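My entries follow the order in which I looked things up.

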Amino acid sequence: MVGSILPLRLEAAAVRRGGNRLVGPVDLEIAAEGVTIVIGPNGSGKTSLLRLMHGLERAAEGRVRWAVPEAEARTRQAYVFQNPILMRRHVLGNIAYPLLVHGVHRAEARRRAADWAVKVGLGEALERQASSLSGGERQKLALARALIRQPDILFLDEPCANLDGRATREIEAILVAARDAGTRIVMATHDMGQARRLATEVFFLLQGQVHEAASGHGSLGRLATPEARAFLKGDIVE
Amino acid sequence: MNEILEGLIAAARLVATLDRDLTEIAARSLQVSVTAVVIASALGMPLGAWLAVNRFRWRRHVIAVMNALMGLPPVVVGLVVYLLLSRSGPFGVFGLLFTPTAMIVAQVIVVTPLVASIAHQAIRELWADYHDLLISIHTTKSQRVRALLWDGRRTLLTAALAGFGRAIGEVGAIMIVGGNIDHATRVLTTAIALETEKGNLALALGLGFVLIALAIAVNILIHTLSRTERASQW
Ligand SMILES: Nc1ncnc2c1ncn2[C@@H]1O[C@H](COP(=O)(O)OP(=O)(O)OP(=O)(O)O)[C@@H](O)[C@H]1O
Ligand SMILES: [Mg+2]
């Protein structure tokens with residue numbers, strides 16, 4: 001295995017749309033290990049920040065830098081969208097697709113996709129059309145598809161929104177296993193319990209800025225600004 | 001009213017007796033139109049998908065031209081192909097004028113813009129769904145086009161069937177480049193035109209019913225095949 005694509009550095013990076021700055025300028029570093037949780041009110045820029053890091057949004061200002069050349073970094077990361085994007089294929093075809101794209105042979109891709117389907121609890125649904133899956137199953141499919149190439153870093157945008165407690169725990173277990181296998185995790189969430197369980201680092205976003213950051217275990221509790229405290233208490237923060 | 005009845009009877013008699021001439025021209029109609037649609041699909045569908053996926057300077061104009069070409073008058077297409085293939089034309093040496101190949105060439109030109117436009121419309125919607133995912137997975141442009149064509153195959157079938165409908169019912173272009181020669185280039189539509197001109201209205205109408213039945217049969221066949229396609233295929 002070649003060296004890690006991390007750390008990831010944002011240097012005064014900003015996303016713009018139609019003359020407005022949606023995010024930034026942001027300076028931050030995603031170091032080699034851990035689970036980064038991104039929190040903040042609706043519209044604070046969590047999705048935009050994740051998309052910027054992943055390269056789905058261009059940095060209109062500043063830079064997004066990986067430890068390796070960008071072209072290589074792009075192939076070693078994955079993203080789980082706020083609303084899972086399902087291909088019009090069956091479950092196996094969806095999960096195997098990234099492998100096929102990157103040159104793995106069909107039979108091998110199929111075998112590994114079946115393994116992953118079992119791992120995320122979709123072992124009984126291999127041949128079903130992805131569109132027939134429930135919300136929780138769709139998220140699991142998206143997760144398996146994102147993890148199948150064992151990315152160095154995985155971005156997740158509220159993967160457990162709309163899921164019940166059990167499905168949320170199942171997805172967290174998969175994430176913990178991926179983390180232990182060496183995948184760096186950066187996740188936006190509105191679930192503070194989940195943030196508490198997983199975070200080794202927290203970014204609190206407000207109006208497109210990283211308003212406050214904290215790291216280490218129990219990092220959520222270390223957020224100290226009045227805005228962050230109010231947000232954690234469930235007050236409305238603007 | 002009487003004529004329509006006679007037409008139905010003529011059609012029934014032609015089909016029931018498996019009239020030699022009828023089966024021959026019906027088979028030629030199918031052969032020419034199906035070949036033209038297959039070629040038009042092979043050209044038009046990737047083109048439509050490519051236009052959906054790529055951003056370039058003249059894209060809007062290219063799409064506008066493609067849409068406009070859907071309205072290309074077949075007679076004019078026939079005339080141009082005639083000039084190109086005639087003995088003094090640039091492709092005269094191949095001796096293709098008044099052959100089924102010439103008819104296929106003309107129909108490909110008539111049908112491709114239609115197939116490409118419908119395919120483009122369908123693929124554009126699918127691309128809007130897939131965009132972020134395919135960018136995230138770091139697909140190449142040609143992988144994107146292939147994924148869209150494959151996953152959109154059911155809607156693309158509609159494009160092909162629309163093309164087939166236009167081809168099998170087309171008369172202007174193939175009349176000019178084919179010449180409606182008996183046992184060589186006569187097809188259902190040109191035969192109908194000829195019989196009408198000769199005043200054999202019942203026979204013309206009978207051929208018309210056969211044409212309609214053929215078009216419907218092909219549509220039903222293709223839809224049945226696509227529905228029975230196993231969902232697990234990839
Ligand atoms: N394509 C766009 N064009 C214009 N404005 C946009 C676009 N996408 C997002 N925005 C705006 O950017 C801001 C940040 O949006 P973003 O989706 O990043 O927030 P978020 O923190 O993920 O919100 P949520 O918790 O609701 O998912 C919002 O004000 C939003 O309206
Ligand atoms: Mg969001």
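I began with helix 1 of chain A, which lies across strand 1, strand 2 and strand 4 of that chain. Its direction makes about 120° with strand 1 of chain A. I note here that the model is predicted.

**The three-stranded sheet**

Next I looked up the sheet of 3 strands in chain A. It is open, and its order is 2-1-4. The pairing is antiparallel. I asked which strands stand at the edges. From one strand to the next, the twist averages 25°.

I then followed one pair. Strand 1 (residues 8–17) of chain A is joined to strand 4 of chain A by 4 bridges. These two strands run antiparallel. I looked up Ala14(A) and found its bridge partner in strand 4 of chain A, Glu61(A).

Pro7(A) sits in the segment before strand 1 of chain A. The peptide bond between Leu6(A) and Pro7(A) is cis, with omega at about 5°.

**Ligand 1**

Which residues are closest to ligand 1? I found Arg17(A), Gly43(A), Lys46(A), Thr47(A) and Ser48(A), out of 13 residues that surround the ligand. I sorted the shell by class: 2 nonpolar, 8 polar and 3 charged residues. Helix 1 (residues 46–54) of chain A gives the most to this shell, with 3 residues. This is the helix I had already seen lying across strand 1, strand 2 and strand 4 of chain A.

Then I looked up distances to oxygen atoms of ligand 1. An N or O atom in the side chain of Lys46(A) is 2.7 Å from one. For the side chain of Thr47(A), an N or O atom is also 2.7 Å from a ligand oxygen. Ser44(A) takes part through its backbone, where an N or O atom lies 3.3 Å from an oxygen of ligand 1. Taken alone, the ligand exposes 640 Å², and the protein buries 59% of that.

**The six-stranded sheet**

I moved on to another open sheet in chain A. It has 6 strands, in the order 5-6-7-3-8-9. Its pairing is mixed. Why is one side of strand 5 and of strand 9 left without a neighbour? Strand 5 (77–80) and strand 9 (209–215) of chain A stand at the edges with a single partner strand each, so one side of each has no neighbour in the sheet. Here the twist averages 15° from one strand to the next.

I followed the pair at one end. Strand 8 (residues 201–206) and strand 9 of chain A are antiparallel, with 6 bridges between them. Leu206(A) has Gln209(A) in strand 9 of chain A as its bridge partner. Helix 5 (residues 135–147) of chain A packs on this sheet and touches strand 5 and strand 6 (153–157) of chain A. The helix makes about 175° with the direction of strand 5 of chain A.

Gln207(A) lies between strand 8 and strand 9 of chain A. Its phi is positive, about 50°, although Gln207(A) is not a glycine.

**Chain B**

Last, I counted elements in chain B. I found 10 helices and 0 strands. Its C-alpha trace spans about 65 × 50 × 30 Å along the principal axes.

Terms used: Residues numbered from 1 in each chain as written. Chains lettered and ligands numbered in written order. Predicted model: local features only at pLDDT ≥ 70, side-chain atom pairs only at ≥ 80, totals over all residues. Heavy atoms only, no water. Near = heavy atom within 4 Å. Polar contact = N/O pair within 3.5 Å; in protein donor to acceptor, adjacent residues only side chain to side chain. Areas by Shrake-Rupley, 256 points an atom, 1.4 Å probe, with all protein chains shown as cover. Nonpolar A, V, L, I, M, F, W, Y, C, P; charged D, E, K, R; others polar. Pairing = 2+ DSSP bridges. Axes fitted to C-alpha atoms, helices over the stretch in contact; angles between N-to-C directions. Contact = heavy atoms within 4.5 Å.
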